[in-house]
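Q: Could you take me through this one slowly, as I am still new to reading structures?

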Amino acid sequence: VEKRDSWEGKTQLVELKQDTFPEDSILLDGLSYIIINNFNTEQLTDKQYNALKEWTKNGVSCTLICIHPGEKFYSVCEGIDRYDMPKFSENYNVDKLLRYRHLRKVIRKISPDIVLSLPEEIGIYVISALLGTRIPVVVSERNDPWLMPNKKITRILRKLMYPFASGIVFQTEQAASFFSSTIRKKSIVLPNPLDLTRVPKS
């Protein structure tokens, strides 16, 4: 469980186990994030599970903005909105410029508490699109930063834009080590979860 007032503030980590997890969602209201890793939620009692479920509903709204919308392979939870960015031009560069200018208008209208952008190439342009709005942007690095982005101009833009991000999420400590200490100070490492029950036995 992670309690954080802001990405610039200090973080308090509190470990909750099955026997200490609250049965009332009110007791979870002081938490900003709940990270479940390698834990089967079926071990929670009905009251504990309902408290967790209610906590996710309390004043939380989420909008998925698809910069390059395509076929929908997965359904999203009830209450989550999806906005597909329209195409503005047949010219790739002109279309890209107009998409991110429009993105700025869309996000300012939504007025979110925070924007999570991924992968890193999208994040670079989201940061630039929201400069001056005071809306915090967190970028999730999903690839090997030594190899991606593969375009030189994008790598240069990443170096210029990441200092303006409010936070960076890395999947591994190795990926985080690619960046300066200034970037690492405002980053966290969240590995992808692995369900060992689905790994075939040799």
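Q: Let's start with helix 4: which residues are exposed there, on the other side?
A: Lys152, Lys159 and Leu160 are exposed on the other side of helix 4, where exposed means over 50% relative accessible area, buried means under 20% and partly exposed means in between, with a 1.4 Å probe and protein chains only. Please keep in mind that this is a predicted model, in which local features need pLDDT of at least 70 and side-chain atom pairs count only at pLDDT 80 or more, while totals for chains, interfaces and linings use all residues. Residues are numbered from 1 along each chain as its sequence is written, and side-chain values use heavy atoms, with hydrogens and water left out.

Q: And which ones are buried in helix 4?
A: Those are Thr154, Arg158 and Met161. Seen down the axis of helix 4, the buried residues fall within an arc of 80° (taken from the directions from the helix axis to the C-beta atoms), so they line one face of the helix.

Q: Why do residues three or four places apart point the same way?
A: An α-helix has 3.6 residues a turn, so residues with that spacing point the same way.

Q: OK, what do the buried residues of helix 4 pack against?
A: They pack against helix 3. Helix 3 covers residues 120-129 and helix 4 covers residues 152-161; helices here are DSSP runs of H or I with at least four residues, strands are runs of E with at least two, and both are numbered from the N terminus.

Q: At what angle do helix 3 and helix 4 pack?
A: The angle is about 50°, and the axes of helix 3 and helix 4 are 10 Å apart, the axes being lines fitted to C-alpha atoms, for helices over the stretch in contact, with angles running from 0 to 180 degrees between N-to-C directions. That makes helix 3 oblique to helix 4, since angles under 35 degrees count as roughly parallel, over 145 as roughly antiparallel, 65 to 115 as roughly perpendicular and the rest as oblique.

Q: Is the crossing of helix 3 and helix 4 left-handed or right-handed?
A: The crossing is left-handed, a term used if the near helix is turned anticlockwise from the far one by less than a right angle, with right-handed used if it is clockwise.

Q: Which residues make the contact?
A: Helix 3 brings Glu121, Ile124, Tyr125, Ile127 and Ser128, while helix 4 brings Thr154, Leu157, Arg158 and Met161, where contact means heavy atoms within 4.5 Å. Five of the residues of this contact are nonpolar, two are polar and two are charged; Ala, Val, Leu, Ile, Met, Phe, Trp, Tyr, Cys and Pro count as nonpolar, Asp, Glu, Lys and Arg as charged, and the others, Gly among them, as polar.

Q: You mentioned Ser128, so how far is Ser128 from Met161?
A: Ser128 and Met161 are 33 residues apart in sequence, and their C-alpha atoms are 6.8 Å apart in space. Ser128 itself is partly exposed, with a relative accessible area of 31%.

Q: What about the rest of helix 3, how many of its residues are buried?
A: Eight of its ten residues are buried, so helix 3 is largely enclosed by the rest of the structure. Among the buried residues are Glu120, Gly123 and Ala129, and what covers the buried residues of helix 3 includes helix 2 (92-110), strand 5 (115-117), strand 6 (137-140) and helix 4.

Q: Last one: how many helices and strands does the protein have?
A: It has six helices and eight strands, and 31% of its 202 residues count as buried.
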